[in-house]
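User: Hi! I'm new to this structure and would like a quick tour. Could you show it to me first?
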Amino acid sequence: MTVGRLAVIGAGTMGNGIAQVCSAAGLEVVMTDVSEAAARRGMEAIAGSLDRLLARGRIGPDERAATLARVRIATGLGETAGCDVIVEAATENVETKLRIFAELDRAAQPSAILASNTSSISLTRIAAATKRPAQVIGMHFFNPVPLMPLVELVRALQTSDATCETIRALAVRVGKTPVEVKNSPGFVSNRVLLPMLNEAVYCLREGLASAADIDAVMKLGMSHPMGPLALADLIGLDTCLAILEVLHDGFGDPKYRPCPLWREKVDAGHLGRKSGRGFFEYG
Ligand SMILES: NC(=O)c1ccc[n+]([C@@H]2O[C@H](COP(=O)([O-])OP(=O)(O)OC[C@H]3O[C@@H](n4cnc5c(N)ncnc54)[C@H](O)[C@@H]3O)[C@@H](O)[C@H]2O)c1
């Protein structure tokens, strides 16, 4: 299948990045959110990101204008009707995703592929919420989407080869390198990453070192480009907590037990960069 029109559900951190790279590759994109204000903020984020690429000489003014012009915003799922592929990037919550996929299944044309950018939730379970499980797949982008080259293609038990090949080709078309993995809690990326972030948060809670020093250990000692606490702030502390809960519930193994400090931070509204404060403060 050749993909011409694509919808993105959720205009937050990931949704607006996905809309941007898909539009930059020439696709007509509709980006929807439950809230019109969030959809507008998503559009502003795309404009800001394109401005930075323009300032660095990575794109020209015509490309900036054309990329912006191919993205429309909407609320609700009605606008997804004529799309070939729908990429869901709404809040990381099982009930939210299952509800969205059941609704998308009714709203989208029968041939459409329904992809999710979930970081950890079972694609097999999401696929089972639809009457087209063979056309459901994980298309897991990384943050910040315009800069990170990987897309983890997550195959549900029901995903067909044709769906996988269409989404693999789409990932390549938007400039990414796809890596195929089987469905399992946290897939490969977050099963490896989140236990490390969790240990860093336990170190902070136990007072072993300051947040800056914990990050310095990993940057200077392990050559990580970002410290684990700054990375958690970038991902969003609510999203990190949700992924750890999926790992903990999915494997039933105490090694994934989320440090209680995640919940404290989330309850305080200290969600990381997106709220201006997490383990560090942002201007
Ligand atoms: N943040 C990351 O680094 C990262 C990386 C990879 C994948 N993900 C995944 O991407 C998804 C989105 O994460 P995010 O960081 O962009 O979250 P976010 O909180 O920045 O944005 C989520 C958006 O979804 C919207 N939303 C909520 N319910 C909705 C609904 N029913 N319909 C439409 N929109 C709805 C919210 O209004 C919000 O604008 C999650 O599944 C997350 O696990 C996040």
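Analyst: One term to begin with: a residue is buried if 20 or more other C-beta atoms lie within 10 Å of its own, exposed if 12 or fewer, and partly exposed in between, with C-beta atoms placed from the backbone. This is a predicted model, where local features need pLDDT of at least 70, side-chain atom pairs count only at pLDDT 80 or more, and totals for chains, interfaces and linings use all residues. Residues are numbered from 1 along each chain as its sequence is written.

User: Thanks! Is Phe-187 buried or exposed?
Analyst: Phe-187 is buried, because 22 other C-beta atoms lie within 10 Å. Phe-187 also has a positive phi of about 55°, although it is not a glycine.

User: Where does Phe-187 lie?
Analyst: In the loop between β8 (177–182) and α7 (189–205). Helices (H or I, at least four residues) and strands (E, at least two) are DSSP runs, numbered from the N terminus.

User: And what about phi of Ser-223?
Analyst: Phi of Ser-223 is positive too, near 60°. Ser-223 sits in the loop between α8 (211–222) and α9 (228–235). Ser-223 is exposed, because it has 7 other C-beta atoms within 10 Å.

User: New topic: which residues come nearest to the ligand?
Analyst: Gly-10, Gly-12, Met-14, Ser-119 and Asn-143, out of 29 residues around it. A residue counts as near if its C-beta atom, placed from the backbone, lies within 6 Å.

User: Which element gives the most to that shell?
Analyst: That is α1, with three residues. The elements giving two or more residues are α1 (13–24), β2 (28–33), α4 (94–107) and β6.

User: Where does the ligand lie relative to the domains?
Analyst: The ligand lies between domain 1 (5–182) and domain 2 (190–274), because both give residues to its shell. Domain bounds come from an automatic or database domain assignment.

User: Back to Asn-143: what is the peptide bond to Pro-144 like?
Analyst: The bond from Asn-143 to Pro-144 is cis, with omega near 0°. Pro-144 is in the loop between β6 (136–141) and β7 (150–155). For context, most peptide bonds are trans.

User: Last one: at what angle do the axes of α2 and α3 cross?
Analyst: The axes of α2 (residues 36–55) and α3 (residues 61–69) come within 10 Å and cross at roughly 165°. Axes are lines fitted to C-alpha atoms, for helices over the stretch in contact, and angles run from 0 to 180 degrees between N-to-C directions. The two helices are therefore roughly antiparallel, a term for angles over 145 degrees.

Terms used. Parallel < 35°, antiparallel > 145°, perpendicular 65-115°, else oblique.
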